[in-house]
Amino acid sequence: MSKPSRPSAFETVNRLFDKAADLLELSEEKRVELTTPYRELMVRLPLLSEDGKLHVFRGYRVQHDNSRGPMKGGIRYHPDADLDEVRALAALMTWKTAVVGLPYGGAKGGIQCDPRQLSTLDLERLTRRFAQRMEGFIGPREDIPGPDMGTNARIMAWMMDEYSKFHGYSPGVVTGKPLELGGSQGRESATGRGLFFAVERIAPELGLALDGARVAVQGFGNVGYWAARFLADAGCRIVAVSDIDGTIRCPDGLDIGALREAAQRAGSVTAYEGPGCERLDREELISSDCDILVPAALGGAIHAGNAADIKAKLIAEGANHPTTPEADEILLEREVTVLPDIYANAGGVTVSYFEWVQNLQQMRWSAERVDDELHQVMQTAFDAIKKARGEFDTDWRAAAFVVAVRRVAEAARLRGLH
Ligand code: NAD
């Protein structure tokens with residue numbers, strides 16, 4: 001018997017789109033128009049590495065839709081970054097930028113590689129080659145990459161520098177840059193902060209008091225750390241955290257500062273020591289006894305095989321597409337509320353947008369201004385999603401997609417075929 005094939009990530013995202021399209025009664029032609037990517041680029045990236053070996057990598061950039069503005073989305077360096085995954089993430093960016101009302105379309109890119117296996121010099125040369133391949137397709141008014149898994153501010157600086165060789169000084173071509181090169185205050189913590197604003201807003205709707213609420217966080221990278229920190233600052237008790245090496249569970253709550261220190265020192269959260277804490281397998285995080293679960297690692301972490309074990313009342317999706325459609329059905333039936341990724345983790349792209357605005361205007365905003373504007377964006381988007389939820393009597397994810405799809409469909413209609 002042949003091996004069952006992995007479900008396409010792009011098709012999975014399109015199933016979410018279809019649910020909203022059904023509610024909005026979109027025609028078949030409109031559905032094809034809104035789901036077909038605008039442009040896809042696949043490039044060969046040869047690298048003669050420092051050790052004298054020739055490696056040939058593949059790089060991708062998928063530009064999904066530009067009806068509402070230039071396309072925006074991160075660049076991922078990861079062994080699983082293939083065309084299907086990048087295409088799915090590009091589509092999610094279209095819906096994400098639309099639901100929070102940013103004047104952008106969606107894109108995503110990646111190089112299929114393991115950046116931890118590359119020297120700094122090789123990483124720089126690979127990044128510059130990728131930027132050379134993309135320079136005719138990206139630009140401050142066309143498509144603006146940013147960091148994602150496996151990439152960071154230094155890589156964005158190289159990309160900006162390489163693009164600027166062709167087009168003149170162009171800080172607005174990428175976001176997530178170092179502060180010295182036009183990066184924005186507040187970008188590093190933005191996704192976690194935005195997720196916190198989203199949780200703070202929905203909690204009263206669920207009769208959930210944040211003070212004393214128990215939280216479990218999967219993944220302790222950029223999103224997981226900052227989300228945990230803001231929730232802890234609001235009085236939540238962080239009872240379990242995991243990373244790729246395992247889970248640390250502390251029913252009395254753990255100290256986020258000490259956890260970060262342990263994770264930085266030993267390379268994993270499992271090095272944390274505290275009263276009543278136990279180390280478990282990384283998969284055990286999902287079934288932790290908690291009120292709020294924050295998946296902040298990989299896609300597909302909540303699936304048909306573990307959705308029934310979830311004890312949380314609220315799932316706030318820090319990661320992109322962490323819940324499979326099958327798991328969504330189970331959670332809906334069990335009345336577990338899911339704050340969907342396209343809204344809950346949109347803080348990152350929102351502050352990236354603020355960075356781009358500052359670059360275009362050659363202005364600098366204060367950290368306070370960035371936080372205030374982010375708060376405003378998250379509040380306004382929540383109001384729109386809540387309204388759609390009432391209008392269509394549906395769940396939060398479908399409501400968020402309804403808001404997004406309606407905005408993109410209307411922009412495309414007004415622009416005509418472009
Ligand atoms: P990161 O690389 O900083 O951190 C990822 C964390 O997940 C690490 O702690 C890693 O050990 C852990 N991890 C990996 N595999 C795991 C597994 N199987 N089980 C448990 N933990 C595991 O990445 P990040 O920037 O925090 O991004 C996390 C997720 O959030 C991704 O899905 C990303 O696309 C999404 N996201 C990130 C941002 C952002 O601004 N960084 C914005 C929106 C969405």
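How many residues surround the ligand, and which of them are the closest?

Guide: The model is a predicted one. In it, the ligand is surrounded by 22 residues, and the closest of these are Thr191, Phe220, Asn222, Val223 and Ala297. Sorted by class, this shell comprises 8 nonpolar, 9 polar and 5 charged residues.

Arginine 76 has a side-chain N or O atom 3.0 Å from an oxygen atom of the ligand. For arginine 187, the separation between a polar side-chain atom and a ligand oxygen is 3.3 Å. Phenylalanine 220, one of the closest residues, takes part through its backbone: a polar atom there lies 3.0 Å from an oxygen atom of the ligand.

Domain 1 (39-172) and domain 2 (190-344) each contribute at least three residues to it. Among secondary-structure elements, helix H7 (222-233) supplies at least two residues of the shell, and strand E7 (237-243) likewise supplies at least two.

Strand E7 leads on to one of the sheets. It pairs with strand E6 (residues 214-218) in the parallel sense, over 5 bridges. Within this pairing, glutamine 218 faces serine 242 of E7 as its opposite residue. Both strands belong to an open sheet of 7 strands with mixed pairing, ordered E9-E8-E7-E6-E10-E11-E12. Its edges are formed by strand E9 (278-280) and strand E12 (337-339), each of which pairs on one side only. From one strand to the next, the twist averages 20 degrees.

A further open sheet has 5 strands in the order E1-E2-E4-E3-E5, again with mixed pairing. Here the edge strands are E1 (39-48) and E5 (143-147), which each pair on one side only. Neighbouring strands of this sheet are turned against each other by 20 degrees on average, direction ignored.

E1 and strand E2 (residues 54-65) are antiparallel partners joined over 10 bridges, with leucine 47 opposite histidine 55 in E2. Between these two strands, the hairpin has 5 residues, and glycine 52 adopts a positive phi near 90 degrees there. E2 is also joined to E4 by 6 bridges, again in an antiparallel arrangement; in this pair valine 62 stands opposite lysine 108 of E4. E4 (residues 105-112) runs parallel to strand E3 (residues 71-78), and 6 bridges connect them. In that pairing, lysine 72 is set opposite glycine 106 in E4.

Methods:
Residues numbered from 1 in each chain as written. Predicted model: local features only at pLDDT ≥ 70, side-chain atom pairs only at ≥ 80, totals over all residues. Heavy atoms only, no water. Near = heavy atom within 4 Å. Polar contact = N/O pair within 3.5 Å; in protein donor to acceptor, adjacent residues only side chain to side chain. Helix = DSSP H or I, 4+ residues; strand = E, 2+ residues; numbered from the N terminus. Nonpolar A, V, L, I, M, F, W, Y, C, P; charged D, E, K, R; others polar. Domains from an automatic or database assignment. Pairing = 2+ DSSP bridges. Axes fitted to C-alpha atoms, helices over the stretch in contact; angles between N-to-C directions.
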